[in-house]
Amino acid sequence: MKRLLEEDGDYDERATAFGVAVQAFHGGIAQLLLMGGADASQCAPDELLSLREAVDSGSPALVGALLDHSIRDRYPASELLEMRDLARRWHEAGAEAELRHRTGSQDDLVCTRVQDDEYYTVGELTLGGMTVRDGHGAILTDLEELLGIRASCEELITRALDRVQDHTAWGRVAIRLSHRREQETWTAAETLRADADPSRRLFGAELMRLIELFADSHEEEFCVLAVDALTDWSAEETDNAVLAEVLHGLDSYAGPRAEAALLAHVGHHDAGVRRAVAAGLGTRLESTYLSDEAREALLALMTDPDADVRIAACRKAGEARNGDPALTDAMAALLDHPERRVQLVAVYGLALHDDERCMEGADRLGPPRPGFRDEEMACLDVAWRYQWRRDDN
């Protein structure tokens, strides 16, 4: 679908395809078409699923597609409230229990994990010829936000922790709570930090990270609190997944304490933790500055056995943009890496340093591959812009 959207400029056909995708319960494809320029308002109401059918399906992506801004006003507030109640019934009963109630079947349940949208997964359950997804908690959260209904912090956290981290219910709640810049949310995050259950600490770490990420400025009260708390937390956490999330919340623009917290884990045995270190080094406000310690760490991480660690380190080294020969030579060495995605980020990093070796790498890679245009263009375009600047001079 991504490849077809890249090649086909017929926007009327995209609207038709949107209707087909929705009728086929493919919410992720429908959202992809919306991002690709499909106009949902060109579809008559009888050409789309009802909102009730979408909520029953348990797919947050499908419900989100039907609530696109271009057709949202088709649904009166009374219908949205009914759908909120329907989503709540599914969520509170549990998808399996409600599915058994509706089908009357006591057969074995078939459950798989599926991608629901670009970022999140959900569980998909099949029983008695009926298939639903278990995203009703996320749908409930979305409908509450749309209706301006404020669920308590405790209720939202419980809703998220019913699922795993990459589940859309978890992600929706974390984002929604992080936008509540208030003491109740901060107190909840601190309480989660002290919990014995790693999954609860993981949610607390993600919540703190997002509180920092969505801050209007690095001087905002809750941003300062988050960076300080995450810095202290990084020295105490023993679970690898939680520690990686904690480190992802740190960025060295916050000061030397945050950088020191990252550097303390450069040689950690877990690749996810080292990846978080690489992604966190460097500065957001003074993009060309790297401390000597951060520079040495990035040089080491660009030779890491894990390709994702190398990518993160190379990206951060590139964003320093300071022409440091040691950094540019280390990035140039990655042009010969066997994985294309590592070569791409090496081209990107060299181009940011105005190093002409980026053009050799870009020429070897050739044009973006079909289906990967957006991801690869983000790297190759920087190299082509460098070439235009060089040739103009």
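Helices (H or I, at least four residues) and strands (E, at least two) were taken as DSSP runs and numbered from the N terminus. The structure is a predicted model, in which local features need pLDDT of at least 70 and side-chain atom pairs count only at pLDDT 80 or more, whereas totals for chains, interfaces and linings use all residues. Residues are numbered from 1 along each chain as its sequence is written, and side-chain values use heavy atoms, with hydrogens and water left out.

Ser 57 belongs to helix 4 (residues 51-57). Ser 57 counts as buried because its relative accessibility is 10%, the limit for buried being under 20% relative accessible area (1.4 Å probe, protein chains only). A polar atom of the Ser 57 side chain lies 2.5 Å from the backbone oxygen of Ala 54. When neighbours within four places in sequence are left aside, Ser 57 is in contact (heavy atoms within 4.5 Å) with Phe 25, Leu 62, Val 132, Arg 133 and His 136.

An open sheet is formed by three strands in the order 1-2-3, with antiparallel pairing; strands pair if DSSP finds at least two bridges between them. Strand 1 (110-115) and strand 3 (130-133) are the edge strands, each pairing on one side only. Strand 1 and strand 2 (residues 121-127) pair over six bridges, and Cys 111 has Leu 125 in strand 2 as its bridge partner.

The largest cavity is lined by Leu 335, Gln 343, Val 347, Gly 361, Arg 364 and Leu 365, a cavity being a set of points on a 1 Å grid over the protein atoms alone where a 1.4 Å probe fits but cannot get out, with lining residues having an atom within 4 Å of a point. Helix 20 (340-352) and helix 21 (357-365) are the elements that give two or more residues to this lining. Helix 21 gives the most, with three residues.

Conventions. Buried means under 20% relative accessible area, exposed over 50%, partly exposed in between (1.4 Å probe, protein chains only). A polar contact is a pair of N or O atoms within 3.5 Å; within protein, one must be able to donate a hydrogen and the other to accept it, and residues adjacent in sequence count only if both atoms are side-chain atoms. On a 1 Å grid over the protein atoms alone, a cavity is a set of points where a 1.4 Å probe fits but cannot get out, and a pocket is an open set with protein on both sides within 12 Å along at least five of seven lines; lining residues have an atom within 4 Å of a point.
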